[in-house]
Amino acid sequence: MDNVNSFEIELLRNNYVESKHKIFVTTNKDKVGFDFFPRSAIKPFQIVPLIALANKNNIKFDSSEIAIFGSSHSGQDMHLNLLKKISKKYEVNWKEIFCAPQRPMHIETADNYISKNIPFIKLHNNCSGKHLSMLIYSKLLNTDNNNYQSIEHLVQQNINNFYKEIFEIDEIHYGIDGCGLPAIYLNSKLFLKGVMNILLSEYKDIWLSIFNSYYRYPELVGGENRTDSNIMINSHNPLLAKSGAEGVLFATDNDTSYLFKCLDGNFRA
């Protein structure tokens, strides 16, 4: 860990240093890595098995659908409207997603709901797009979606097998994510090498469709003034960026891939 590239972020208040945070930064071209939970930065990979099965069934998700499936959205109206539309289109009940109602990450949206005494719903949860995609995946697999969030469920087993293939790892360790799904734990070198591995695999076209969906609809991936969305919006060249909880940020142009991890997990840093 001592050889991992790092820098320090200083957070200021009224021009005075309030906090300091150490950030690990690595690329796919570095020789040293570190173990970590990618959290939501894994989502571009996580949705590949679903898209692969959909393609085999002659179902073609459009770019906005793929973007919201791989999102950690802010719970704005554009996110909820699309999720409800997808739920109706693919005939799955969004109320069956496992994740709980959550205060929208978009402050104005949350304040508007509170001021009108309107309760938050499951679709406000930033991971609801991923969960909805797993209901669709269960349906395509012709399996019961009960406990689809469990590592023993066919949905998670298929994703686990895909991870083993792409990240070149025999055994994967998991925690539980904040939304209730398995949270993969692996080395940053394996994670970043996964981009090149997938580009050299049968999943290349699927990955490129995900890449293009992120870059085409960055506001669906995050939302207004979200870090990953802002990076993609302001990038001069096509770029996929995805943040994760506990200070994780992944970005790639499919040649060089970057990973940032705030050691103390500070979201603001």
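Which residue in β5 does D35 stand opposite? D35 stands opposite N187. Let me build up from that pair.

First, some ground rules. This is a predicted model, where local features need pLDDT of at least 70, side-chain atom pairs count only at pLDDT 80 or more, and totals for chains, interfaces and linings use all residues. Residues are numbered from 1 along each chain as its sequence is written, and side-chain values use heavy atoms, with hydrogens and water left out.

Now the sheet. Three strands form an open sheet, in the order β3-β5-β4, with antiparallel pairing. Strands here are DSSP runs of E with at least two residues, helices are runs of H or I with at least four, and both are numbered from the N terminus. Two strands pair if DSSP finds at least two bridges between them. β3 and β4 stand at the edges with a single partner strand each, so one side of each has no neighbour in the sheet.

Take the two pairings in turn. β3 and β5 are joined antiparallel over two bridges. Strand β4, residues 173-176, runs antiparallel to strand β5, residues 182-187, with four bridges. β4 and β5 make a hairpin with five residues between them. In that turn, G180 has a positive phi of about 100°.

Strand β1 covers residues 6-13 and strand β2 covers residues 16-27. Eight bridges join them, and they run antiparallel. R13 has Y16 in β2 as its bridge partner. Two residues sit between the strands, and N14 takes a positive phi near 55°.

Helix α7 touches β4 and β5, and its direction makes about 10° with that of β5. Contact means heavy atoms within 4.5 Å. Axes are lines fitted to C-alpha atoms, for helices over the stretch in contact, and angles run from 0 to 180 degrees between N-to-C directions. Helix α8 lies across β3 and β5, at about 100° to β5.

Next, the helix pair. Two packed helices are described by the angle between their axes and the distance between the axes. How do α6 and α7 cross? Their axes come within 9 Å and cross at roughly 100°. That makes α6 and α7 roughly perpendicular. The cut-offs: under 35 degrees is roughly parallel, over 145 roughly antiparallel, 65 to 115 roughly perpendicular, and the rest oblique. On the α6 side, the contact is made by M134, Y137 and S138. On the α7 side, V155, Q156, N158 and I159 take part.

Look at the loop between α6 and α7. N142 is found there. N142 is not a glycine, yet it has a positive phi of about 55°. N147 is in that loop as well. N147 has a positive phi of about 60°, and it is not a glycine either. Buried means under 20% relative accessible area, exposed over 50%, and partly exposed in between, with a 1.4 Å probe and protein chains only.

Now inside. The largest nonpolar core has 71 residues. A nonpolar core is a set of buried Ala, Val, Leu, Ile, Met, Phe, Trp, Tyr and Cys residues joined through side-chain atoms within 4.5 Å. F45, F167 and F191 touch the most other members. Beyond its neighbours within four places in sequence, F45 has contacts including F162, F167, F191, W207 and F250.

Finally, the rings. The structure holds 16 aromatic pairs. Rings of Phe, Tyr and Trp (its six-membered ring) pair if their centres lie within 6.5 Å; planes under 30 degrees apart are stacked, over 60 edge-to-face, and the rest tilted. F36 and F191 are edge-to-face, 5.7 Å centre to centre, with 85° between the planes. F36 lies in β3 and F191 in α8, so this pair ties together parts 155 residues apart in sequence. Both F36 and F191 are buried. The rings of Y163 and F167 have centres 5.6 Å apart and planes at 35°, so that pair is tilted. Y163 and F167 are four residues apart in α7, about one helical turn. Y163 is buried at 2% relative accessible area, and F167 is buried at 1%. One aromatic cluster includes F36, F45, Y163, F167 and F191.
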